[in-house]
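Please consult the sequence and the structure shown below while reading.

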Amino acid sequence: MGSEITLFGPYSVPLGGLVCLNSSFINMPDKSLRIRRNWVALSRRARELRFIAHGLWDTNHIVQAHLIPMRRCNLACTYCNEFDDFSKPVDIDVVLERVDHLHRLGATLIMISGGEPLLHPDLDKIIARIRHHGRLAGMITNGYLLMPDRIQDLNRAGLDHLQISIDNVQPDDVSKKSLKVLDKKLQMLADHALFHVNINSVLGGGVKDPEDAMTVAKRALSLGFSTTVGIIHDGSGQLKPLGQREKTIYHDIKRLSQRNFAHFSGFQDKIVDGKTSEWRCRAGARYIYVCEEGLVHYCSQQRGYPGKPIADYTHDDIRREFLTEKACAPMCTVSCVHMTSLIDFWRAPQIHKADPAASRREDLVNIQSAGH
Ligand code: SF4
Ligand code: SF4
């Protein structure tokens, strides 16, 4: 959710989710759930492997799209720039049209995000439509509204991946996404969820006690979930080094969750050290962010460009953006885009420059000031 990024793992949910298979739930409530869960995981794994092969073979489709059906959130984390407390849910027919078009653009994984997506009254229909098209359905939530029957609804709708970020152990002025509040929700997920669950802990920003991230990670693993750690970036999504204490905890958590994909990438370690990275951001092509107004943006931190309605977005746009260099890439901390872009790290250099002047929403453009 919001402005945290994930350093390694299933997606925050980026492409890591396509390879992180969560079949080792420890707190098994009963044998029948275990069998169903393993069966669902196997089927998900088969689809993910097929999508990875397709992603490697063909560059002219989206790998991951973030879709915002609801900007309103029931919380108000002070570091977050991705929510409001008043907007209405996007009409379900409009959201379904957007899902249909993402399917036409070949989107492998559609991550429903917000705001808080569980506030959308027709969330299950959105998930079911994604699965109807054979795509992977993911969701990032603060978890507050999860209940056993709601989790069963998500099972029935066909959710593949769910991520919750937990910012601290005790709620404070910065964030109420706290283990103390959410632990019973995690237990519910362990007892009922058939989908893959990732718990993201965070470091940096306004997190008072970095040890909390380790407590959250250990609890997630004890329940059989995968776990990742993210850094709360600054308001523009740009690089900010961690202190020594945070760095030590980051590396300890990384050792704890050895299975996660991003361990193969030095990008995360560079973020922790506050160092720039050389990489080709494929935002606008392999990754897109579709806001509640239906506009395509590079990412949550570069909203405004290309600023084109998703209904008008074409494979020509994908081809152009694939080859467009983003000035903000060296200082970028948006891990999910980096993870998604990894699939093409060895491909052609980027020959175009992003043109913020072409944006339809100049009030939102950040890219001209980023990267400096
Ligand atoms: S819970 Fe809401 S306010 Fe907090 S980070 Fe997520 S979207 Fe932002
Ligand atoms: S490099 Fe820029 S456009 Fe790409 S993900 Fe990072 S902030 Fe977004």
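## Basis

The structure is a predicted model.

## Helix α8

Helix α8 comprises 13 residues, 244-256. From its first C-alpha to its last it reaches 19 Å, close to the 18 Å expected at 1.5 Å a residue. Its buried residues are Ile 249, Tyr 250, Ile 253 and Lys 254. Seen down the axis of α8, these buried residues fall within an arc of 140°, so they line one face of the helix. An α-helix has 3.6 residues a turn, so residues three or four places apart point the same way.

The cover over the buried residues of α8 includes β5 (196-203), α7 (211-222), β6 (226-231) and α9 (267-273). On the face turned away from the buried side, α8 carries the exposed residues Gln 244, Arg 245 and Arg 255.

Strand β7 (residues 287-290) is covered on both faces. Tyr 287 and Tyr 289 are buried on one side, and Ile 288 and Val 290 are buried on the other. In a regular strand the side chains alternate between the two faces of the sheet.

Strand β1 (residues 64-67) pairs with β7 in the parallel sense over four bridges; Gln 64 has Tyr 287 of β7 as its bridge partner. Strand β8 (residues 295-299) runs antiparallel to β7 and is joined to it by two bridges, with Val 296 of β8 as the bridge partner of Val 290. The hairpin of β7 and β8 has four residues between the strands, and Gly 294 takes a positive phi near 80° there.

Note on methods:
Residues are numbered from 1 along each chain as its sequence is written. Chains are lettered from A and ligands numbered from 1 in the order in which they are written. This is a predicted model: local features need pLDDT of at least 70, side-chain atom pairs count only at pLDDT 80 or more; totals for chains, interfaces and linings use all residues. The expected span of a helix is 1.5 Å times one less than its number of residues. A residue is buried if 20 or more other C-beta atoms lie within 10 Å of its own, exposed if 12 or fewer, and partly exposed in between; C-beta atoms are placed from the backbone. The arc is that of the directions from the helix axis to the C-beta atoms. Two residues are in contact if their C-beta atoms, placed from the backbone, lie within 7 Å. Two strands pair if DSSP finds at least two bridges between them.
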